[in-house]
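Here is a briefing on one protein chain and its contacts with its neighbours. Look over the sequence and the structure first.

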There are 4 protein chains.
Amino acid sequence: MNTWSHAFTAPFTAAGRAALVPPPPWHYAGWLLNVAFEHEAAGAAALVPPAAGRALGRGCVHFADWQACTDGHELLDPVLAQYRETIVVLELERPDGSRCNYCPAIWVDQDISLLRGLLQGWPKKAGSTWLTRSLPLAHPAAAPLAAGTRLGATLAVRERRLLEARATLTGAPGRPLGFLALPTLGAVGWPDLRQPGVMPEPRLLRPDIRDRIGSGWHAAEASLQLLAHPHEELDALGAVRAVEASAGWIGISVAGALDA
Amino acid sequence: MNTWSHAFTAPFTAAGRAALVPPPPWHYAGWLLNVAFEHEAAGAAALVPPAAGRALGRGCVHFADWQACTDGHELLDPVLAQYRETIVVLELERPDGSRCNYCPAIWVDQDISLLRGLLQGWPKKAGSTWLTRSLPLAHPAAAPLAAGTRLGATLAVRERRLLEARATLTGAPGRPLGFLALPTLGAVGWPDLRQPGVMPEPRLLRPDIRDRIGSGWHAAEASLQLLAHPHEELDALGAVRAVEASAGWIGISVAGALDA
Amino acid sequence: MNTWSHAFTAPFTAAGRAALVPPPPWHYAGWLLNVAFEHEAAGAAALVPPAAGRALGRGCVHFADWQACTDGHELLDPVLAQYRETIVVLELERPDGSRCNYCPAIWVDQDISLLRGLLQGWPKKAGSTWLTRSLPLAHPAAAPLAAGTRLGATLAVRERRLLEARATLTGAPGRPLGFLALPTLGAVGWPDLRQPGVMPEPRLLRPDIRDRIGSGWHAAEASLQLLAHPHEELDALGAVRAVEASAGWIGISVAGALDA
Amino acid sequence: MNTWSHAFTAPFTAAGRAALVPPPPWHYAGWLLNVAFEHEAAGAAALVPPAAGRALGRGCVHFADWQACTDGHELLDPVLAQYRETIVVLELERPDGSRCNYCPAIWVDQDISLLRGLLQGWPKKAGSTWLTRSLPLAHPAAAPLAAGTRLGATLAVRERRLLEARATLTGAPGRPLGFLALPTLGAVGWPDLRQPGVMPEPRLLRPDIRDRIGSGWHAAEASLQLLAHPHEELDALGAVRAVEASAGWIGISVAGALDA
């Protein structure tokens with residue numbers, strides 16, 4: 001089949017205008033609550049490919065409320081632009097001794113982002129994220145950026161709560177955590193249905209993130225609960241304990257991916 | 001049936017803890033795009049009770065992304081707090097010569113807000129609102145508060161687009177519009193199923209809004225499209241034309257309602 | 001305010017065409033899984049108005065996949081017609097010694113049904129019901145009406161599982177259970193926001209159900225789990241134990257309501 | 001990266017239990033409304049790869065309400081099993097003179113089915129399908145299988161109606177149409193983000209469908225409307241005209257895919 005189609009993803013029409021995902025660059029801006037946690041390092045072996053590295057017993061959950069676009073037309077029809085997701089990353093020591101994150105699980109509420117994630121090594125499935133927003137108002141419902149403001153964040157997968165976090169802003173500056181602090185690897189692979197008994201051999205990639213811009217992070221004290229779930233595998237991490245948290249806005253652009 | 005239940009709304013349990021709507025005060029903070037429009041004044045007679053007043057041919061559509069709470073517990077489980085809605089108000093001259101708004105139609109995506117609205121005279125039905133958010137970042141996906149930033153807002157009802165707006169921030173201060181500028185009346189009534197052939201006689205009420213706080217409005221130039229819909233009646237307004245727009249954050253509290 | 005509007009519910013327009021709920025008769029046809037259960041009778045006092053009667057320690061959960069209409073136009077635009085809900089009823093001895101059910105809780109996924117329920121004394125809130133369907137095929141995914149076929153049914157409220165049931169068809173005829181076996185009372189009331197500190201005094205009503213038609217019930221052995229939930233009150237029932245189950249199709253029509 | 005993971009799709013964990021899509025065989029049972037239509041044959045060139053064949057000016061829209069499983073566990077937690085979708089297929093003459101269908105567009109409401117489709121060459125995106133169900137009851141809301149029963153089916157994509165169909169059962173037997181009558185090809189391909197400027201070269205595949213079982217098709221007279229949509233490309237087909245329709249239940253199993 002020749003290069004008849006100008007589509008980046010299915011459907012592969014001649015013009016490619018209906019493609020679910022257009023080519024990068026992809027621009028993302030969002031409000032995030034980041035909760036760094038400790039976990040049982042040994043358990044991560046069930047979730048992390050040995051080639052990626054060795055888990056160090058630290059990770060981060062990011063609850064994110066995104067607005068994303070390519071050339072900007074999505075912002076004029078925001079059903080195309082907005083989605084929420086929950087990202088789990090684990091900190092690894094790579095075989096070469098450097099450090100990175102690996103993403104073993106992520107859940108999103110929109111199809112465009114789901115496929116865009118699979119292409120980058122973010123293994124997205126459907127999930128429902130809720131996250132208190134901070135509005136620039138001194139009002140009981142606004143959760144302004146001030147010491148003592150409380151935030152909640154939750155993830156439900158297949159209609160069961162999987163993660164719940166609560167955070168209280170301290171009023172001090174916070175730090176970038178998780179994928180905001182270290183490069184993050186992911187595994188990309190696709191089975192071939194002509195050989196349905198053969199599992200794919202995923203390739204480790206790292207998104208090529210450029211043009212990061214932040215509003216400054218706001219420190220928080222947080223708690224995190226990981227709940228039992230029949231269809232997920234995060235319980236391999238054992239008990240998790242929140243150790244640090246931050247909230248704020250960030251903008252990034254992804255230009256493609258690199259071998260990792 | 002005595003006052004056994006402490007519930008404000010159904011279900012009427014003894015403790016009232018499961019009630020869909022708790023009693024006021026209700027606190028709301030949100031991001032709004034307000035698009036004032038002109039319409040055919042005569043057509044409004046199909047939508048506005050004569051007792052409320054006479055339509056002047058002006059109205060406003062508010063696209064709103066809310067966070068709401070009572071004692072604040074909703075902000076820690078934000079599935080209880082967040083919803084989006086589209087509000088239509090029409091400007092009236094009351095029988096006493098004063099001016100007000102009347103709300104003939106409003107659509108929301110959450111059950112708590114739906115019933116809370118019906119109690120106040122906001123005739124809420126289910127609908128899906130999308131609204132570009134402004135994040136405090138200079139980034140292509142952030143729609144920052146700056147001259148030239150473009151916003152989109154849309155409403156779908158029963159899976160058909162009903163309203164679409166686009167706005168470009170001018171960089172100048174904006175004005176409060178619609179329900180933010182004038183008191184807004186609504187009609188409250190409930191049929192009695194023991195007399196299923198009798199239509200209710202609604203009562204005109206006005207929400208008792210207190211403690212309004214704003215971030216300042218940002219002026220915008222906007223366009224507005226009202227699309228045909230088989231189950232709605234806004235086409236009674238004839239052609240609509242956007243005449244002024246503003247965007248910003250606002251916080252209000254509702255303590256109850258007053259006769260109007 | 002005179003009887004200017006021909007709307008049965010809000011919005012109260014002149015024509016009433018946009019009203020969320022049209023007047024009865026309301027016709028319902030659906031596929032139901034009914035799971036009768038035993039509970040701690042004393043606990044029901046938290047959920048049942050004393051005027052309704054005394055709980056006997058038996059109840060029923062109905063998982064329902066409905067199609068509803070008035071004059072039939074909804075079947076041609078089925079987003080108006082279809083919804084799923086989970087109904088809990090408790091069996092009571094009335095003060096006069098007769099028996100009935102009372103509905104303390106019900107969750108639905110559509111706005112039309114939500115308000116229609118509140119008018120009848122079904123205290124509906126939003127919830128997400130999933131229910132295996134039986135298709136007339138001998139196929140692994142069809143769950144045909146045959147001995148050994150297994151069905152699942154679940155309810156999530158605010159993104160947390162609240163009820164889970166599993167059933168295995170026995171191949172024998174089943175019985176009508178719950179609201180299909182005894183009249184069911186509900187409480188109808190509306191707070192007046194002009195007196196926001198006054199709780200409403202609900203009235204006991206009974207839907208006026210006519211023209212019931214069934215396909216015959218199919219007996220099942222079932223299990224039922226009632227899970228903890230921070231915003232619900234069914235835990236007042238203590239441990240629940242499934243004692244009988246049936247599945248099948250039923251059609252009913254509601255003409256209004258009667259004092260109960 | 002070695003074959004450490006037993007996952008068929010992401011996330012690529014060691015056990016593979018959390019994978020979005022488990023390996024085939026995949027079993028599907030559903031209720032379908034099939035509407036065959038005529039279209040402008042020349043326009044299909046924008047949607048069909050030349051290597052697939054030449055469009056003949058005929059196609060079919062399938063509105064489907066599915067229940068799907070692998071080993072059956074999905075039927076006990078039906079949030080995993082049930083989804084709705086709308087499938088468009090076009091009839092082609094292949095280069096060898098044989099006939100087949102090609103699927104240029106399909107929309108679904110569940111993530112598992114979305115990825116499972118992309119693997120088979122069904123180019124799924126998110127969309128909302130509603131379809132009147134036929135229940136085995138003589139009741140106004142049941143749409144029983146009888147002459148004169150009317151059915152509605154609709155598809156909305158990004159909150160805009162794209163397809164609407166109405167059908168009236170004739171009482172006569174119907175025919176299998178569309179993908180139920182001829183093998184259907186699809187294009188499978190994945191871009192490589194390491195070369196973000198290179199469009200993928202999709203491969204033509206044909207699902208390996210086995211164990212088809214049907215309930216018999218019921219003929220219907222139908223109308224079909226294809227509405228304008230800013231993000232889709234079906235308008236390339238020009239005006240469409242319904243020429244034949246059928247409804248019924250079918251069960252199929254997919255074992256993998258074959259080169260086409």
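**Chain D and its partners**

Between chain D and chain C, 18 residue pairs are in polar contact, both residues at pLDDT 80 or more. A polar contact is a pair of N or O atoms within 3.5 Å; within protein, one must be able to donate a hydrogen and the other to accept it, and residues adjacent in sequence count only if both atoms are side-chain atoms. The model is predicted: local features need pLDDT of at least 70, side-chain atom pairs count only at pLDDT 80 or more, and totals for chains, interfaces and linings use all residues. Residues are numbered from 1 along each chain as its sequence is written, chains are lettered from A and ligands numbered from 1 in the order in which they are written, and side-chain values use heavy atoms, with hydrogens and water left out.

**Chain D against chain C**

- The contact (heavy atoms within 4.5 Å) takes 44 residues from chain D and 44 residues from chain C.
- The two chains bury about 3500 Å² between them, with 63% of it on carbon and sulfur atoms. Buried area is the accessible area (1.4 Å probe) that two parts lose on being put together, summed over both.
- D:L76, D:W130 and D:R133 supply 19% of the area that chain D buries against chain C, more than any other three residues.
- Four salt bridges are counted between chain D and chain C. A salt bridge is a side-chain nitrogen of Lys or Arg within 4 Å of a carboxyl oxygen of Asp or Glu.
- One of the salt bridges links D:R133 to C:D65, with the closest N and O atoms 3.1 Å apart.
- On the side of chain D that touches chain C, β1, β2, β3, β6 (128–131), β7 (150–157), β8 (160–173), β10 and β12 of chain D each supply at least two residues. Helices (H or I, at least four residues) and strands (E, at least two) are DSSP runs, numbered from the N terminus.

**Chain D against chain A**

- Here the contact takes 72 residues from chain D and 72 residues from chain A.
- The buried area is about 6100 Å², of which carbon and sulfur atoms give 65%.
- Six salt bridges are found across the interface of chain D and chain A.
- D:D259 and A:R194 meet through their side chains in a salt bridge (2.9 Å, N to O).
- The rule also finds 26 residue pairs in polar contact across the interface of chain D and chain A, both at pLDDT 80 or more.
- Elements giving two or more residues to the side of chain D that touches chain A include α1 (111–120) and β12 (241–259) of chain D.
- α1(D) gives the largest share of that side, seven residues.

**Helix α1(D)**

- D:Q110 caps the N-terminal end: a side-chain oxygen lies 3.0 Å from the backbone nitrogen of D:S113.
- Just after α1(D), D:G121 takes a positive phi of about 95°.

- β2(D) (residues 54–69) is mostly covered, with 13 of its 16 residues buried.
- Strand β1 (residues 26–38) of chain D runs antiparallel to β2(D), joined by twelve bridges. Two strands pair if DSSP finds at least two bridges between them.
- D:E38 stands opposite D:R58 in β2(D).
- β2(D) also pairs with strand β3 (residues 82–93) of chain D, antiparallel, over eleven bridges.
- D:Q67 stands opposite D:Q82 in β3(D).

Terms used:
Buried means under 20% relative accessible area, exposed over 50%, partly exposed in between (1.4 Å probe, protein chains only).
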